[in-house]
Amino acid sequence: MAPFIGDKMIFTNDSTGYALAGNYEVYKTTNSGKIWERLHRDNNYSYLNFTFSDLQLSATSIWAGGGHGFIELSTNGGGTPIPNALFAIDTTTVSSNSTVNLVNYSRSGYNYTWYRNGKLISNAYNASYTANVYGPNDTIRLIVSNQLYADTVTQYTSFSRGAVITGFTPVSGAIGTQVLISGLHFSNVTGVSFGGIPAASFKVNSSYSIVAVVGKGASGNVTVTTT
């Protein structure tokens with residue numbers, strides 16, 4: 001169920017209802033309030049921050065008015081509503097299989113178009129994709145459309161990504177040598193080791209840079225450990 005704040009609601013039956021919200025806007029639900037969709041207006045009248053203050057129904061007629069004396073009337077139940085694009089990004093499986101699940105909360109029965117970083121990935125109701133855990137966060141956009149109107153929403157992934165070492169200098173050194181380690185996603189580093197032996201100390205300068213001091217290290221891999 002998507003959050004919705006309305007000033008006044010009237011239901012005509014168990015599933016269909018109307019509500020006032022925003023500046024001179026009327027919303028409609030056909031699934032008992034789970035999803036509210038804005039009704040189309042044939043004008044763009046507004047006055048300061050005035051809103052409708054009353055809503056009345058009569059058969060298929062809908063009256064909304066009261067704000068600065070402005071009244072709107074619909075004689076066809078509000079007509080076709082404008083889709084409300086809603087989705088959530090589920091990253092609970094990223095750590096196990098790099099999969100991001102896109103969970104759609106929009107009304108079913110419409111047309112859906114999913115884009116990841118500007119590229120089409122799906123036209124299904126829900127979608128998923130394999131994330132690059134070492135790359136930048138993704139931009140996800142959902143377009144929901146019916147025969148007359150469309151709505152779009154954009155969100156961004158924000159999950160922890162594994163650290164990656166791209167280089168280090170010098171490539172060899174004795175105990176006490178300072179080594180500059182370059183890479184990505186160092187913000188959550190909890191340890192550095194040389195040849196499997198922990199560094200004497202280390203400092204994370206940024207998400208791209210670490211300075212570590214060689215302890216009783218041995219020849220082998222330079223390793224960083226993150227949370």
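## Around Asn221

Setting aside neighbours within four places in sequence, Asn221 touches Ser193, Phe194, Gly195 and Gly196, where contact means heavy atoms within 4.5 Å. This is a predicted model, so local features need pLDDT of at least 70 and side-chain atom pairs pLDDT 80 or more, while totals for chains, interfaces and linings use all residues. Residues are numbered from 1 along each chain as its sequence is written, and side-chain values use heavy atoms, leaving out hydrogens and water.

Asn221 sits in the loop between β20 (209-213) and β21 (222-226); strands here are DSSP runs (E, at least two residues) numbered from the N terminus. Asn221 is exposed, at 60% relative accessible area (exposed is over 50%, with a 1.4 Å probe and protein chains only).

## Pockets

The largest pocket holds about 370 Å³. A pocket is an open set of points on a 1 Å grid with protein on both sides within 12 Å along at least five of seven lines, and lining residues have an atom within 4 Å of a point. Volume is the space filled by probe spheres set on the points, which are joined across faces, edges and corners. Its 19 lining residues include His40, Arg41, Leu73, Ser74 and Gly78, the closest to the centre.

The second largest pocket comes in at about 220 Å³. Of its 14 lining residues, Val171, Ser172, Gly173, Phe194 and Ala218 are closest to the centre.

Terms used
Helix = DSSP H or I, 4+ residues; strand = E, 2+ residues; numbered from the N terminus. Buried < 20%, exposed > 50% of the residue type's maximum accessible area, 1.4 Å probe, protein only. 1 Å grid on protein atoms, 1.4 Å probe; cavity = no way out; pocket = protein on both sides within 12 Å on 5 of 7 lines; lining within 4 Å.
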